[in-house]
Amino acid sequence: MCLKVSSYVMGSYELYFCINDIEPFCQDELALYRQCAEKRAELESFKMEYANARLECNTADERANILASEVIGLEEKALRLRSNELKLERQLENSQAEISSFNKQSTGC
């Protein structure tokens, strides 16, 4: 089994070692290096997942704020429409009262 030692560890050189060719006391250090590299990769993967989750949460928060603003705008519009409706109902009642009064005056003559 051969192991690539990256340029990060060995400076500007990339070296390949075959474990059978290395003295036995180095095998433990290489196994630890391999485990560290695996853990580092797991950590980086976790960091990416976490960053993506935060991005999704931020996007959801922004969308929630937009929706809340839209709801507030729609509620305000509904209140204005209801107010206009009530004004129109009063105007209709007043108009009907005027028509009724006019009809009473017309029939009285």
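This is a predicted model: local features need pLDDT of at least 70, side-chain atom pairs count only at pLDDT 80 or more; totals for chains, interfaces and linings use all residues.

## A quick tour

Now colour by secondary structure. You'll find two helices and two strands, and from the N terminus they come in the order β-α-β-α.

Next stop: the salt bridges, three of them in this structure.

**Select Lys 39 and Glu 42.** Their side chains meet in a salt bridge, 3.9 Å from N to O. Both sit in helix α2 (residues 24-108), and because they are three residues apart there, about one helical turn separates them. Lys 39 counts as exposed, at 55% relative accessibility, while Glu 42 is partly exposed at 48%.

**Move on to Glu 44 and Lys 47.** Here the closest N and O atoms of the salt bridge are 3.8 Å apart. The spacing in helix α2 is three residues, so the pair is about one helical turn apart. Lys 47 is partly exposed at 44% relative accessibility, and Glu 44 is partly exposed at 41%.

**Finish with Arg 82 and Glu 85.** How far apart are the closest N and O atoms in this salt bridge? They are 2.8 Å apart. These two are also in helix α2, three residues apart, which means about one helical turn between them. Glu 85 is partly exposed, with a relative accessible area of 38%, and Arg 82 is partly exposed, with 40%.

Terms used. Residues are numbered from 1 along each chain as its sequence is written. Side-chain values use heavy atoms; hydrogens and water are left out. Helices (H or I, at least four residues) and strands (E, at least two) are DSSP runs, numbered from the N terminus. A salt bridge is a side-chain nitrogen of Lys or Arg within 4 Å of a carboxyl oxygen of Asp or Glu. Buried means under 20% relative accessible area, exposed over 50%, partly exposed in between (1.4 Å probe, protein chains only).
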